[in-house]
Amino acid sequence: MDDKIDLKNMTHADLVAYLDSLGQPAFRARQLFKWIYQQRVSDFAAMTNVSKALREDLSARCRISTLTPLTVQDSQDGTRKYLFSLEDGATIEAVRIPMETDKATLCISTQAGCAMGCAFCMTATSGLSRNLRAGEIVNQVCAALEDGPLGNIVMMGMGEPLHNLDNVIDALNILYLDDGLGFGARRVTLSTCGLVPEMLELKKRIKVNLAVSLNAADDELRSRLMPINHRYPLAELIAACEKYSRETKQRVTFEYILIKGVNDSLVMAKKLVKLLHPVRCKINLICFNQHPGSDFKSPDENTIRAFQKYLLDHGMVATLRAGKGRDIDAACGQLKGRMDSKTHCTATR
Ligand code: SF4
């Protein structure tokens, strides 16, 4: 890593201000964004519609970072998991999940590790290493685009996005820019474990689909599964979700990982209906992915269907997310950002 300024960390406004400091007009920022994100150029010399003097000046002061996967693992179901090593050696993962069209959804990380300590999550076991910079978040998307087009981006990989709020908002601004990657806000979803003040701050600063990892419908169980619930219990969290939904006119998605004998009973389904009644929402049910080192188990098919049916019968919108990439530990809650004995490289670039 050198001490040059990485343009990948800059939003359009940042780049306009930086170019202004070099005596350059604002339109140059859009020119540079097109080269960086649409042509995916990392060498200033290739930017042929920029004057030679400016190209030389920029290459003396700045750089354009990229991410190359350390390993790529392919699942039998078409899911692809990328392991990236960052410039300081920290490692993160992203997962490409095929959609029914020729596009894919990319699940990206926002932190190396995570400090939130959710009991069912592999990422939690190693704690937080550090926040990702905006460029490190966006570069996961740039790297995955080398394998084909992406329909949607979900910030549901390693880390709690709202624990890295400023960098995540910069990354969203970069993802949204028309002259750059051009993802509209409707194509990006941010998932949080429930940091209430940051959720409300996010709402003020940028538009994005919000998903909340819920996993229990009473405080006693949720606090056991997700320590953040001690700080922001359900009444506070659900009130914030209701406000988010009302003020943004968007439906909030609640993710509910079904764990055998823990939160999969019809008693809990009944509590869930009552809890979520005030919020315009959708419930995304996810079957827990069993992994070594965890005492939790996946529920059987009948239990999952009965839980979903109860929600549907009581007027909730409840979908069941197909578990993808289990054979390569790429499913929800399985990302840990390191190679292990099961990791094998199917493609290295
Ligand atoms: S589920 Fe999300 S917030 Fe919870 S520990 Fe895992 S990565 Fe962090």
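A residue counts as near a molecule if one of its heavy atoms lies within 4 Å of it. The model is predicted; local features need pLDDT of at least 70, side-chain atom pairs count only at pLDDT 80 or more, and totals for chains, interfaces and linings use all residues. Residues are numbered from 1 along each chain as its sequence is written, and side-chain values use heavy atoms, with hydrogens and water left out.

**Exercise 1.** State which residues surround the ligand, and sort them by class.

*Solution.* Step one is to list the shell: Cys 114, Met 116, Gly 117, Cys 118, Phe 120, Cys 121, Ala 124, Gly 159 and Cys 193 surround the ligand. Step two is to apply the classes: Ala, Val, Leu, Ile, Met, Phe, Trp, Tyr, Cys and Pro are nonpolar, Asp, Glu, Lys and Arg are charged, and the others, Gly among them, are polar.

**Exercise 2.** Describe how helix H4 packs against helix H5.

*Solution.* Helices are DSSP runs of H or I with at least four residues, numbered from the N terminus. Begin with the geometry: H4 (residues 134-145) and H5 (residues 165-176) have axes 8 Å apart, at an angle of about 40°. Here axes are lines fitted to C-alpha atoms over the stretch in contact, and angles run from 0 to 180 degrees between N-to-C directions. H4 is therefore oblique to H5, since angles under 35 degrees count as roughly parallel, over 145 as roughly antiparallel, 65 to 115 as roughly perpendicular and the rest as oblique.

Next, list the residues in contact (heavy atoms within 4.5 Å). From H4, Ala 134, Ile 137, Val 138 and Val 141 meet Asn 167, Val 168, Asp 170, Ala 171, Ile 174 and Leu 175 of H5. By class, this contact has eight nonpolar, one polar and one charged residues.

**Exercise 3.** Describe the packing of H5 with helix H6 (residues 196-205).

*Solution.* The two axes come within 11 Å and cross at roughly 30°. H5 is therefore roughly parallel to H6. Leu 165, Asp 166 and Ile 169 of H5 touch Glu 198, Glu 201, Leu 202 and Arg 205 of H6. The classes in this contact are three nonpolar, no polar and four charged residues.

Key: Helix = DSSP H or I, 4+ residues; strand = E, 2+ residues; numbered from the N terminus.
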